[in-house]
Every structure is written in C-alpha cells, then in structure tokens.
Amino acid sequence: VSRSVAIAGVGLRPFGRFEETSVVEMGREAVAIALEAAGVGAGDFQAAFCGTVYSGVAAGHRVLSSLGMTGVPIVNVEAGCASGGAALRLGVQAIRSGECDSVVVFGMEKMPRGVIDSSFFEPWQKEAGLNPAPAFFALRARKLMHESGVTREHLARVSVKNHENGVHNPYAMFRKPFTIEEVLASPMVCDPLTLYMLCSPNEGAAAIVLRPADRAADVVVAAASLRSHLPGRVLGEHTPLSGTTVDEPPSPTELAARDAYEAAGIGPEDLDLVELQDTDCGRELLSYEELLLCPPGECAAFFDSGAPARNGRLPVNVSGGLLSKGEPLGASALAQVVEMYWQLRGEASGRQVEEARVGLCHTVGRGANASVIILRR
Amino acid sequence: VARIPLKDGVLSAVDAAADARLLAGRCTACARLHFPPTPVCPYCSTKGCATVRLGTDGTLYVYTAVTKAPPGYRGKVPYGFGVVELPDGIRIVTRLTETSTDRLRVGMSVRLVLEDIFQNEAGDTVVGWAFAPAESS
C-alpha cells in the first residue's frame, strides 16, 4: 500500500549573487530552516537527496556534514534545470514506499557568470559556436511566433507580468517593474529575445522535509513526475525546448504533465495556480501549451485572455518566476515547491492567491529533463 | 596552411571546389536520417547506419543571430544561427552566413557553404559549414 506524502517543513534562501557565501553554506542555511520548521533533527530522517549541477563532488554530503547529520544515504541528483524536481521525486518515492518516515530534499547552486558553459556539448560544437543557450531559446520563440500567433509584444508582456509579480517576492533577485517599451528596448541578446526577456543564472538554495501525510491540513505532494527526451530527439541541440529539429509531439514537458495529472487524479482545469519554467518569455508561453493549460497553438490567446495574470483565472508565476528570481539550477524547482507550499497554506504575504488549493510546479532543461510536481491541500 | 574539418565524418570535403556535402546517418531499418552520423540509430536503436551525402539546398526553418561569443567558441561574432530543413527529410542545426535577422525569413531558400571558423594552435584552418541565403531579396 503506497502512502500519501506531505511536506513537513520548508526552507528557502533568497536568490541572487553572494560573493562571500559558498554553495555549501547556502545549502546549509536552507536545510537548517526546513529541519527546524519540520521539527526534525539529527537521526530523525532516513535519507537525503540533493539537486545540484555545478557544485562538484559530494556536494550534498558536505552540506549535511556541516550540520553533523551524515550517516544516512545521501544522493546527489543532476537533471539539468529539473535537478530539484528529480531529487524531490526520489524523496517522495522513499516515503511513499514506506522505506523512510522522514526525508530531506534540498537543492543549491552557485552558477558561473555569463552564458552557461555546459559540458552537454562536445568540444567541436563549442568551438564552432553551436552551443549558444539563448540562441536555442530564440529559435524556439521564433517557431512560436510562426505557429502560435506570438508577437514581440507578447514576449515583452510576459516579462512585464513576471517582473511585476517579482516586486512582491522578497526572495527574488530582481524586484523592479518594467514597461513593455523598456523590455523591447533592452539590449538584443538573440533576436527576438532581448535581455529582459531572459532569466539570469544566479545563486540560491531551497530545502523541503517530507513525511507521510496524516493530518487534514497537510500540503500533500499529489504527483512528482519526471521525463526525458524521446528516442531520436537527438541530445545536443533542440532538447531543452524540443520541436525545432523534430516535431512529433509529445514534448517531455507534456509527457511529465500527463503523468502528473493522472497520478494526482486531476486535470489542468482543477489547478488554482502554476509556477513554470520561464527561462525566457517564449518558454513560458510554450509551457502553457505543453502543460495543457490551453489547446496547442493557442498560447498567445491564453495569455491575451488574462488567465495567467496575478488576478486571472489561473495565475502563472506569481513568485515572479525565474525572470525575477534568477535561475540557480539545483534550487529553482524546489523554490517553486516552497512558493506553492506557502500559497496553499495562505502564507505568501503580498502575493497570495486567494483560495489556492491545488498548484503545479514545472521545470525543464538539458537532457530535456522535465519535472512536473502537483501539490494539494 | 592545412585545412582540417571541424569534426571527422561530418563533411565530405573541406575544399569548396570538391562539392562538399554534409554527411548524415541513415538507419538501415527505419530509414530515418540523423546528423551528425552515429553508428546506432538514435530513433530505433538499430546498429549499423549507412553514411549518406545530404543535398546542399534547403529552406530556413527558424533563425536568430548570436552577438556574444558562447563559452568555448573560437570564431567571430556576430554569426547567424538557425535550423535548416533539407528535402532529404532532415533538419540541421547550423550556422548562417547572414548576421542580420532583418534579412532572414522563415521559408527562404538557403544553400550549404564551407566556412573557415578559426585557426588552431598548429596554424591549421578549421573548416565548418554554414547556410547562406540562396536568393537575392
């Protein structure tokens, strides 16, 4: 008999740039907050899973060492931008199966500055400039413009929406609103994407303690699904976004979403709010379609309807999204889950969505790893 | 100065006079093309793909321009970047010779060209490929 899994406590460290703070220190802070909130101490949990990409050997072990809490199995998980989601999935499975009664899941990152240097690409591909991350986003955005009626103004308005939301989030790195004109006039990075349409890699940490659900008021992890690219969606180029070199659906995000809706026994119409991967403004619009929030080809119409606005029918990225928070790969998925936990408990002061009961969190990245997590209260 | 390919097995030649082509893998079982060629078909896992020469003329599927050098890049900026659809039945991620997106559009005709990307430590010219607009518009 599989058990229902609840969140016992959360910890979040603000995202930003912190020259003086090591990644281990950031992870330690987030884990310590979550453990205290959950009332869990040394010897009280049976496994730990750490999502991180750039932190080196045994990073999660170093965090727990600094707290005097090693000895249990500690697994470091790399799944690109979905690393935190992949770690949470393992934690959920450990509780659900009955193997563990308490698990610590955390994620942390100190991203290198500038465009992400990824070992995902072969040296010859890098030498020839076939690895420009923002350009791949731009190509996918161009395809959306061609096929889904997306305009430059739509891209700009997504940025305006998320940055406006980010003003109300003290954990976000960028808390300044922009006008459509300012977004369009910001430096062109890769046409059609300007600087303010792209998220910034940065630093941060998040932690979550899981336990079996046994109280009516629990925030329950109703689904934690993970998918990667399908055979033939050749690793290397299009996989973070899919659909530029091979178009057959479904995308990894859609596969993960369908798994999650089925596991949770709900459909997209049952969601109250969504935190999704807005690596760039095109990616947010594409996610509306891939998460089945709207029919294929209708992401622009869905945005125009006002649904994803803060006061809309289905608010998207009320945290400000990655565009406001920045993206520390290992921490970003878990920070979405922390935000959703606060929202479902009515604790998201200043950006609270009223009557929020069911929320979805989504990340997707290299390897076309796509994670979809559904929380319910 | 020697001319060497960016990667072995991707280009049939590194001299423009030699009718250079991109090389792809064609699966002996499912017949699908993939690029760059690999021994195992990435679509159906069949071993033993054949190497085939791709056509030089295609259409532009999506495009952008890169203005800032990505990590490890040894060529010049800006450079065009996009996906080209070839009538052989494959889309290729590629450099584009055109760096101004105002002069590119989805569906325009493009043609394969060789491109000298950088000089390596031995002084050799490392040759890659790009697609260039094939019509004046």
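# Notebook: strands, cores and one buried Glu

I started in chain B, where Gly25(B) stands opposite His34(B) in strand 3. Helices (H or I, at least four residues) and strands (E, at least two) are DSSP runs, numbered from the N terminus. I noted that this is a predicted model, so local features need pLDDT of at least 70 and side-chain atom pairs count only at pLDDT 80 or more, while totals for chains, interfaces and linings use all residues. Residues are numbered from 1 along each chain as its sequence is written, chains are lettered from A and ligands numbered from 1 in the order in which they are written, and side-chain values use heavy atoms, with hydrogens and water left out.

Next I looked up how strand 3 is joined to strand 2 (residues 23-26) of chain B: they pair in the antiparallel sense over 2 bridges. Two strands pair if DSSP finds at least two bridges between them. These strands belong to an open sheet of 3 strands in chain B, with the order 3-2-4 and antiparallel pairing. Strand 3 (33-34) and strand 4 (50-53) of chain B each have a single partner strand, so one side of each has no neighbour in the sheet.

**Chain B, the whole chain**

I counted 0 helices and 9 strands in chain B. Of the 137 residues in chain B, 47% are buried; buried means under 20% relative accessible area, exposed over 50%, partly exposed in between (1.4 Å probe, protein chains only).

**Chain A, strand 2**

Then I moved to strand 2 (residues 47-51) of chain A. 5 of its 5 residues are buried, so the rest of the structure largely encloses this strand. In a regular strand the side chains alternate between the two faces of the sheet. Here I found Ala47(A), Phe49(A) and Gly51(A) buried on one side, and Ala48(A) and Cys50(A) buried on the other.

Strand 2 of chain A pairs in the parallel sense with strand 4 (residues 103-110) over 5 bridges, and Ala48(A) has Val104(A) as its bridge partner there. Strand 2 of chain A also pairs in the parallel sense with strand 3 (residues 74-77) over 4 bridges, where Gly51(A) stands opposite Val77(A).

**The cores**

Which residues have the most contacts inside the largest nonpolar core? They are Tyr288(A), Leu293(A), Ile374(A), Leu22(B) and Trp129(B), in a core of 88 residues. (A nonpolar core is a set of buried Ala, Val, Leu, Ile, Met, Phe, Trp, Tyr and Cys residues joined through side-chain atoms within 4.5 Å.) Helix 5 (residues 133-147) of chain A gives the largest share of this core, 7 residues.

**Glu339(A)**

Last, I checked Glu339(A), found in helix 12 (residues 329-344) of chain A. Glu339(A) is buried, with a relative accessible area of 3%. Not counting residues up to four places away in sequence, Glu339(A) touches residues including Asn169(A), Glu275(A) and Arg351(A); contact means heavy atoms within 4.5 Å.
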